[in-house]
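Subject: Structure handover

Hello,

I am passing this structure on to you. Please open it first, then read the notes below.

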Amino acid sequence: MNNNTKLGYLRAYFKLGLLMIGIYCLPSFALDYPTKPIKMIVPFAPGGGNDAIGRVIAKNLTEHLGQPVIVENKAGAGGRLGVESGVKADADGYTVLLISNSYAANPSLFKINFDPIKDITPIGLIAKTPLLLAVRKDLPVNNVSELIQYSKANPGKLSYASSGQGGISHLSTELFLKLAGIEMTHIPYKGTAPAITDIVGGVTDIFFSTSGAALPYLQAKKIKVIAVSTSSRSATEPQIPTVAESGLPGYGVTVWYALIGPKNLPVEIEKKLNAALKVAVLDKKTLELFKATGDVASPSSSEELKTIISDEVNLWRKVVSDAKIKVDLPQ
């Protein structure tokens with residue numbers, strides 16, 4: 001055996017030794033995880049879209065991780081109480097947090113006590129869905145171009161509903177108005193249900209609604225839906241054009257749901273949760289729920305989710321600044 005061969009063997013053994021040291025130095029909880037129940041914080045009250053998705057995902061994660069995943073609804077302050085509780089939990093993998101677009105919007109609307117990007121561990125995306133641009137059935141418009149033209153010809157006449165100040169339907173409409181160069185009166189409601197009810201009743205004129213809330217009224221011909229908010233057509237309602245293709249190029253808003261953990265979650269735990277989440281998202285029961293609500297299963301890597309959160313924090317910061325949005329809620 002020559003010296004070069006001996007040197008090669010020594011290098012190989014050295015690398016193997018470093019690898020084994022790394023493995024044995026891992027915390028036991030990272031190797032054995034999970035060994036006890038996992039808490040999934042849903043920062044909204046039971047019964048809403050976040051809660052429904054959280055519960056079906058928790059049930060499927062339970063099956064795939066071998067330990068109970070228990071939903072804890074921690075509502076309050078527009079979701080901020082639950083979010084802060086989840087972000088500041090121990091980074092041991094036994095507390096995870098379900099989030100949606102509001103997570104990325106809240107830093108522009110409120111004072112928060114953490115960095116929404118640096119102080120978390122992204123785990124993975126769960127689902128995406130468009131908002132539907134619903135208009136009262138007797139409004140004389142049938143597409144986005146006609147809506148913009150009608151608004152310009154009738155300044156100050158139109159109003160738009162939202163599910164609440166600072167919510168995604170509010171911010172999505174303000175982005176729409178900014179790009180279109182038009183103005184409408186904002187009528188905020190306490191939730192999606194009363195907002196869509198008043199579109200049906202003709203009290204307000206337009207509403208960027210969730211699919212689940214708008215589709216029954218569309219099918220009953222009590223409202224018109226003239227576009228979807230996403231940059232591409234919806235897989236569940238492909239006949240409805242996008243806002244961008246029907247009169248407002250450059251517009252695109254996607255509602256999404258995802259799972260994150262606290263900062264410094266061990267890589268091994270993050271990878272195990274991500275893998276289990278991907279399986280849970282594509283589970284038959286999950287897909288059945290998504291079919292009913294208009295959501296689309298969208299499993300992702302943790303890096304992809306990090307990019308989505310970062311991009312949306314920047315997007316909503318600009319929208320809030322440009323529209324000078326102020327939210328009348330306790331800070």
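Helices (H or I, at least four residues) and strands (E, at least two) are DSSP runs, numbered from the N terminus. This is a predicted model: local features need pLDDT of at least 70, side-chain atom pairs count only at pLDDT 80 or more, and totals for chains, interfaces and linings use all residues. Residues are numbered from 1 along each chain as its sequence is written, and side-chain values use heavy atoms, with hydrogens and water left out.

Overview

The protein chain has 12 helices and 11 strands. Of its 331 residues, 47% are buried. Buried means under 20% relative accessible area, exposed over 50%, partly exposed in between (1.4 Å probe, protein chains only). A contact means heavy atoms within 4.5 Å. Among contacts with a separation of 6 or more, 76% join residues 24 or more positions apart.

The cores

A nonpolar core is a set of buried Ala, Val, Leu, Ile, Met, Phe, Trp, Tyr and Cys residues joined through side-chain atoms within 4.5 Å. The largest one has 80 residues. Ile126, Leu133, Leu147 and Phe176 have the most contacts inside it. Leu147 touches Leu133, Leu139, Val141, Leu158, Phe176, Met184, Ile206 and Ile226, leaving out residues up to four places away in sequence.

Strand β5

How many residues of strand β5 (residues 131–136) are buried? The count is 6 of the 6, so β5 is largely enclosed by the rest of the structure. Both faces are covered. Leu131, Leu133 and Val135 are buried on one side, and Leu132, Ala134 and Arg136 on the other.

Two strands pair if DSSP finds at least two bridges between them. β5 pairs with strand β8 (residues 206–210) in the antiparallel sense, over 5 bridges. There, Leu132 stands opposite Ser209. β5 also pairs with strand β9 (residues 223–228), again antiparallel and over 5 bridges. Val135 faces Lys224 in that strand.

Pocket and cavity

Both were found on a 1 Å grid over the protein atoms alone. A cavity is a set of points where a 1.4 Å probe fits but cannot get out; a pocket is an open set with protein on both sides within 12 Å along at least five of seven lines. Lining residues have an atom within 4 Å of a point. Grid points are joined across faces, edges and corners, and a volume is the space filled by probe spheres set on the points.

The largest pocket holds about 1300 Å³ of space. Its lining has 48 residues, with Phe44, Asn50, Ser163, Gly191 and Thr192 nearest the centre. The elements that each supply at least two lining residues include α3 (49–65), α7 (168–180) and β8.

The structure holds 1 cavity of 30 Å³ or more. The largest cavity has a volume of about 40 Å³. Its lining includes Phe44, Arg80, Ile99, Ser100 and Tyr103. α4 (80–87), β3 and α5 each give two or more residues to that lining. The largest share, 3 residues, comes from α5.

Ser100

Ser100 lies in strand β3 (residues 95–100). Is Ser100 buried or exposed? Ser100 counts as buried because its relative accessibility is 9%. Leaving aside neighbours within four places in sequence, Ser100 is in contact with Phe44, Asn50, Trp256 and Tyr257.

Best wishes
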